[in-house]
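Please read them with the model open.

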Amino acid sequence: MEIQAKRVQARLDNLQRKYEFMTIQRLKGNSHSAHGMKSLKQEKIPISKTCKVPLNAQVYELLAMFMDWISDHHLSKLKNEEFGIEAEKPLIKHASQRNDIQEKCVKLLPVIAEQLQWMPFVNAKHHEPFVKFIYWSLRQLDAGTQHSTLTSTLRRLGEDIFKGIVTKGIQDNSLEHSGENKPKTAAFFKSPNLPLRFLSTLIVLKTVTQADYLAQAFDSLCLDLKTDEGKTLFLDYQAVPVILGHLRISSKGLLSNVIDSLLQMTVESKSLQPFLEACSNTLFFRTCSVLLRTPKLDLQILEKLSIILQKLSKIKSNKKLFELFTIHLMLQEIQRTTHPEHAFLCINLNSTLFNLGLTKCNSLVSNASH
């Protein structure tokens, strides 16, 4: 019995120690749990403060890289026979593929337009890929029928690009530091960065209808085209069709500014020949043909247009385009009715007709050179 009693006592002692051990472990666990909850709450504090801030910088950097890639290798590959870009034909084989791209652009543009509101919080170096993506998406819609469904979105988009975005920062009364609420800005059309400003200008020309905005956009474009970089950007972004959209008599107040932007590209430079090739298509000649048919077209407009047509007439393959839209006949009629006092216009007309093989001598040009 004594041996059995000792065994029972030992068992009780073991159970007591086990109980004490488990109690201590349980208390420690509660302590860690409480500490964890406290840490979690502390971690949630900055989240609540920044819940209105967009994705972090690394995500925007990644997004900007994707946008650059998609813009350069997909969206910029425009397919429109009117532009005369034969080399691009193999890139998009079927109309259904073009429609698919346009549908995606229609879905994405409103989302991207909303993202512009966050640009003041995003590193300025990521602004250009966003704006470039918007530009090429708009250009993809040129040949589609989806444009009308985006009227209000595009108008708001154009205004935001023109005016820039100004925000008061994070609206949170719990912030202790008032510095967090300092206004932040993102400039696009008024950016000091030429590539960003140039793209923004083209977007304004594509989306805005207010005459004062358009006038400022063309003024900015003409200034930028005085630089070699501006001319290169004009070619890189295939901007001729954007300008032609305003080369019509209904834009009478802007017509001189529109032609001035094209004239800047005709100045002798390494960009001249690529520019003339970009104009050597049915879209350009059709637009000029419609403009030349305008009764009593302003003499200054006619003189400026004659400069461009004279340079285009030097490209032999363009003779077919002059004839296709009967521009050669209109120029002959203008030459016949133009007063000799307007010597500059007469010289350009005569030179153009001579290049087209429609006059036997270039007497006016010869006289002017003496």
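**Notes on the predicted model**

1. M330 is placed in helix α15, residues 327-337; helices (H or I, at least four residues) and strands (E, at least two) are DSSP runs, numbered from the N terminus. With a relative accessibility of 13%, M330 counts as buried, where buried means under 20% relative accessible area, exposed over 50% and partly exposed in between (1.4 Å probe, protein chains only). Apart from neighbours within four places in sequence, M330 has contacts with S289, L292, R293 and F325, a contact being heavy atoms within 4.5 Å. M330 and R293 are 37 residues apart along the chain, and 7.8 Å separates their C-alpha atoms.

2. This is a predicted model, in which local features need pLDDT of at least 70 and side-chain atom pairs count only at pLDDT 80 or more, while totals for chains, interfaces and linings use all residues. Residues are numbered from 1 along each chain as its sequence is written, and side-chain values use heavy atoms, with hydrogens and water left out.

3. The average pLDDT of the chain is 81, and 72% of the residues score at least 70; pLDDT is the predictor's confidence in each residue, from 0 to 100. Residues 83-92 have pLDDT below 50, and the model gives this stretch 17 contacts beyond near neighbours in sequence. Over residues 171-179 pLDDT also stays under 50, with nine contacts beyond four places in sequence.

4. The chain has 17 helices and two strands. Of its 370 residues, 41% are buried. Among contacts with a separation of 6 or more, 70% are between residues 24 or more positions apart.

5. Where does F188 lie? It is in the loop between β2 (184-186) and α6 (194-207). F188 is buried, at 1% relative accessible area. Its contacts beyond four places in sequence include L116, M119, H127, I165 and R197.

6. R139 pairs with D142 at 2.9 Å, N to O; R139 is buried at 2% relative accessibility, whereas D142 is partly exposed at 32%. D142 also forms a salt bridge with K206, with the closest N and O atoms 2.4 Å apart. K206 belongs to helix α6 and D142 to the loop between α4 (127-140) and α5 (151-163), so this pair ties together parts 64 residues apart in sequence.

7. A further salt bridge joins R197 and D224 (2.9 Å, N to O). R197 is in helix α6 and D224 in helix α7 (residues 211-224), so the pair links parts 27 residues apart in sequence. Both R197 and D224 are buried.

8. How many disulfides does a search of the whole structure find? It finds zero, a disulfide being a pair of cysteine sulfur atoms within 2.5 Å. For C288, the closest cysteine sulfur is in C279, 8.0 Å away and too far for a bond. C288 is buried, with 0% relative accessible area.

Methods. A salt bridge is a side-chain nitrogen of Lys or Arg within 4 Å of a carboxyl oxygen of Asp or Glu.
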